Amino acid sequence: MKIAVTGATGHLGSRVVAHLQKKIDTKDIVALVHNKNHATALINEGLEIREIDFQKRESLEKAFVGIDTLVYVASKTYSVFDRVGELENVLAAVKKNEIKNLVTMSFIADQEDNPFVISPFYGYLPRRLAGTDLNYAIAKNSLYADPLVPYLPELIERKGLIYPVGKQAMSFITLEDSAEAMATMALNEDVLKSRRTYLLTQSRSYTMPELGKIMTKVTGHEIGYHPVSVEEFGKIYAAEGDGAELASMYKGGAMGYLHGLSDDFAHLTGHEPEAMEHFLTRSYHE
């Protein structure tokens, strides 16, 4: 049984590969990457590397030969059109190669009236898969906790979080836990046959004052909550290239759409997800 992972050099895909390596032989894993020059570490570990281009169906058809289970980590784009086209190319290549099993990532912001710019894709994904004959499992991630760590120095300087979500809570999961869950899904026949979505969250969610208190404890610096408007948030981070897109996500957060809890992670892996305070304490170095 060969398992292929897209985005194998990325933040999530590389971790999925690492978790698979703990459970199955390296020769049974195929790392799918956009550029082999960025896959030196994987090559040195003895992994089979195949190049893909999500926008070129023929490259996917060639790369998917001999694969039994595909772990599809989507590219990072806020274009719904591009993301849907990418998915359709993946599914066409999956069908041509008669791949039976698919594990794919999704995101908690999939509600039909969610203003997040990429939300339409996350609504499309499960409905599209439901119309196929595939065995599949969808890993619906909550917010990644990992970006909070490099964000802490800025929060210390600001003396507070500024997310425009008001009194609403938000749910988180670490990249490591998400990857472990997805690797587990790929190796569990019953999960693959379930054709359902698994919501991946920590055991509790946080309002921004609650998150600030944890950050204060971890860093030793006072971090409160001083929210800005959605518009102001977009302007503050416009220079980073995705200010407006992130602002639209937190606009949905203010509607309560980034808050959701599930024990799916524990049922999949047999243990609890890493708690926020433990993760930040382990990861933060002043």
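**The nonpolar core and its surroundings**

Mentor: Of the 65 residues in the largest nonpolar core, Phe 64 and Tyr 163 touch the most other members; such a core is a set of buried Ala, Val, Leu, Ile, Met, Phe, Trp, Tyr and Cys residues joined through side-chain atoms within 4.5 Å. The largest share of this core, 6 residues, comes from helix 6 (residues 148-158), where helices (H or I, at least four residues) and strands (E, at least two) are DSSP runs numbered from the N terminus. Apart from it lies another core, of 34 residues, which includes Ile 3, Ala 8, Leu 12 and Met 185.

This is a predicted model, in which local features need pLDDT of at least 70 and side-chain atom pairs count only at pLDDT 80 or more, while totals for chains, interfaces and linings use all residues. Residues are numbered from 1 along each chain as its sequence is written, and side-chain values use heavy atoms, with hydrogens and water left out.

Leaving aside neighbours within four places in sequence, Phe 64 is in contact (heavy atoms within 4.5 Å) with Leu 32, Arg 50, Leu 70, Val 90, Ala 93, Val 94, Asn 97 and Ile 99.

Met 185, named above as a member of the other core, belongs to helix 7, where it is one of the buried residues; buried means under 20% relative accessible area, exposed over 50%, and partly exposed in between (1.4 Å probe, protein chains only). Because 11 of the 13 residues of helix 7 are buried, this helix is largely enclosed by the rest of the structure. The buried set includes the charged residues Asp 177 and Glu 180 as well as Leu 175, Ala 179 and Met 182. The 13 residues of helix 7 (residues 175-187) should span 18 Å at 1.5 Å a residue, and the end C-alpha atoms are 19 Å apart, which agrees; the expected span is 1.5 Å times one less than the number of residues.

In helix 5 (residues 119-130), the buried residues are Ser 119, Phe 121, Tyr 122, Gly 123, Leu 125 and Leu 129, and they pack against helix 4 (80-96), strand 5 (101-107) and strand 6 (135-141). In the loop between helix 4 and strand 5 lies Glu 98, a residue other than glycine with a positive phi, near 55°, and it counts as exposed at 59% relative accessibility. Lys 159, in the loop between helix 6 and strand 8 (160-161), likewise has a positive phi, near 65°, and is exposed, with a relative accessible area of 54%.

Turning to a helix pair, helix 9 (residues 208-219) and helix 13 (residues 276-283) pack at an angle of about 35°, with their axes 10 Å apart. Leu 211, Ile 214, Met 215, Lys 217 and Val 218 of helix 9 make this contact with Met 276, Glu 277, Leu 280 and Thr 281 of helix 13. The axes are lines fitted to C-alpha atoms over the stretch in contact, and angles run from 0 to 180 degrees between N-to-C directions. Pro 209 also lies in helix 9 and is partly exposed, with a relative accessible area of 42%.

Finally, Asp 264 in helix 12 (residues 264-269) counts as buried at 13% relative accessibility, and, not counting residues up to four places away in sequence, it touches Arg 196, Thr 197, Tyr 198 and Leu 199.
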